[in-house]
Amino acid sequence: CVPTPLDAAHNPDLSYVRSATQSILPHLRRGQLVILESSTYPGTTEEELKPLLESAGLQVGTDVWLAFSPERIDPGQKQFKLHQIPKVVGGITPACTERAEAVYGSVFDQVVLVSSAKAAEMTKLLENCQRFVNISFMNEMLMLCEEMKVDLWEVVTAAGTKPYGFTTYYPGPGIGGHCIPVDPLYLLWKARAFQFDVRFIELAHEVNERMPEFVIRKVKKALASRKPLGQADLLVLGVTYKKDVNDMRESMALPIIEGLLAQGAQVDFYDPYIEQLQIGGRTLQRIRLMDRMLEGHDATLILTDHSGIDYQQVVDKAPLVIDTRNATAHVNKHGNVILL
């Protein structure tokens with residue numbers, strides 16, 4: 001279970017998978033089971049791992065067993081314990097699937113068997129592509145509602161009262177993390193090998209890439225009556241890719257802060273999980289979240305809605321709050337809050 005990032009051209013980078021597989025070859029012996037859990041494109045287990053394992057002289061499906069089982073960890077969620085999350089498993093051969101099922105069955109309440117490793121790989125991508133497309137759609141609606149002067153947060157809340165046929169997704173400053181903005185591009189890359197354009201994924205990626213610029217424009221517009229963005233002192237609350245985790249992978253806070261700095265703004269940040277940031281050759285140290293810090297900045301920009309932050313304090317003390325997560329939905333406001 002190793003990282004599967006994108007390279008500079010947004011193509012799959014399987015170097016960690018290949019390196020990990022190479023590292024076990026000297027220790028591989030008959031009867032062992034090898035399982036890949038890293039999110040990747042359909043065909044990786046069969047096309048990449050199988051030949052490498054068989055280069056050691058052992059045949060997959062006869063001498064050693066090989067399967068894929070996508071990880072389904074949701075950092076920060078507390079509703080489900082690990083063993084309660086159904087485990088999808090697909091092997092290179094039926095015998096491989098059977099042995100992987102035996103291993104996972106000793107841990108998980110439910111093991112879901114699919115016909116192949118490729119089907120298991122596609123399962124993970126489908127899960128993440130669905131979220132990627134739907135959240136990107138909400139972000140595009142956010143940009144449209146900005147022009148139409150409609151509060152999308154209000155609209156989403158109202159639509160969410162429908163007891164059937166509507167699944168609630170929320171807009172935000174962009175989709176980060178190691179899975180949702182990355183995995184769909186693995187599928188996009190693989191689809192091109194079949195001369196197939198996955199238009200929904202392409203459009204979702206385009207929308208997600210536009211979100212940092214949209215947030216920066218929103219900050220600039222919100223400050224217009226006070227001072228130019230290039231002269232503003234800004235405080236960013238939350239820089240991790242999602243609430244209540246310390247994970248910075250693909251966090252949209254980084255390009256947003258970098259863009260604000262590039263336009264001349266002074267930026268401080270507070271995140272209970274992160275002590276410092278390296279952005280554009282600069283090192284930003286976390287400040288303490290005190291009344292005088294909130295009062296001393298021209299605007300406070302909420303990028304990640306960590307549970308441990310006192311948003312009533314933020315609204316009470318900050319001259320201007322730009323809330324990209326609707327974190328202030330349940331506090332008493334004073335007319336100084338602007339939703340993304």
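This is a predicted model: local features need pLDDT of at least 70, side-chain atom pairs count only at pLDDT 80 or more; totals for chains, interfaces and linings use all residues.
# Salt bridges and a cavity

Q: Which residue does arginine 249 form a salt bridge with?
A: Its partner is aspartate 247. The closest N and O atoms of the two are 2.8 Å apart.

Q: And aspartate 247, buried or exposed?
A: Buried, because its relative accessibility is 12% and the cut-off for buried is under 20%.

Q: Why would such side chains pair at all?
A: In general, side chains of opposite charge can pair when their charged atoms come close.

Q: How many salt bridges does the count come to?
A: The count comes to 16 salt bridges.

Q: What does lysine 87 pair with?
A: Lysine 87 forms a salt bridge with glutamate 37, and their closest N and O atoms are 3.3 Å apart. The pair links distant parts of the chain, 50 residues apart. Lysine 87 is in strand E3 (residues 87-91), while glutamate 37 is in the loop between strand E1 (33-36) and helix H2 (44-54).

Q: Lysine 87, buried or exposed?
A: Lysine 87 is buried, with a relative accessible area of 6%. Glutamate 37 also counts as buried, at 18% relative accessibility.

Q: Next one. What is glutamate 146 bridged to?
A: Glutamate 146 forms a salt bridge with lysine 221, with the closest N and O atoms 3.4 Å apart. Lysine 221 is in helix H7 (residues 199-223) and glutamate 146 is in helix H4 (residues 117-148), so this pair ties together parts that are 75 residues apart in sequence.

Q: Is lysine 221 buried or exposed?
A: Exposed, with a relative accessible area of 56%.

Q: Which residues are linked in a network of salt bridges?
A: Glu146, Lys218 and Lys221 are linked in such a network.

Q: Changing topic: how many cavities of 30 Å³ or more does a search of the whole structure find?
A: The search finds 1.

Q: How much space lies in the largest cavity?
A: About 50 Å³.

Q: What lines the largest cavity?
A: The lining is made up of Pro173, Gly174, Ile175, Gly176, Thr240, Tyr241, Ser251, Met252, Ala253, Leu303, Thr304 and Arg325.

Q: How do those lining residues divide into nonpolar, polar and charged?
A: The lining has 6 nonpolar, 5 polar and 1 charged.

Definitions and conventions
Residues are numbered from 1 along each chain as its sequence is written. Side-chain values use heavy atoms; hydrogens and water are left out. On a 1 Å grid over the protein atoms alone, a cavity is a set of points where a 1.4 Å probe fits but cannot get out, and a pocket is an open set with protein on both sides within 12 Å along at least five of seven lines; lining residues have an atom within 4 Å of a point. Grid points are joined across faces, edges and corners, and a volume is the space filled by probe spheres set on the points. Ala, Val, Leu, Ile, Met, Phe, Trp, Tyr, Cys and Pro count as nonpolar, Asp, Glu, Lys and Arg as charged, and the others, Gly among them, as polar. A salt bridge is a side-chain nitrogen of Lys or Arg within 4 Å of a carboxyl oxygen of Asp or Glu. Helices (H or I, at least four residues) and strands (E, at least two) are DSSP runs, numbered from the N terminus. Buried means under 20% relative accessible area, exposed over 50%, partly exposed in between (1.4 Å probe, protein chains only).
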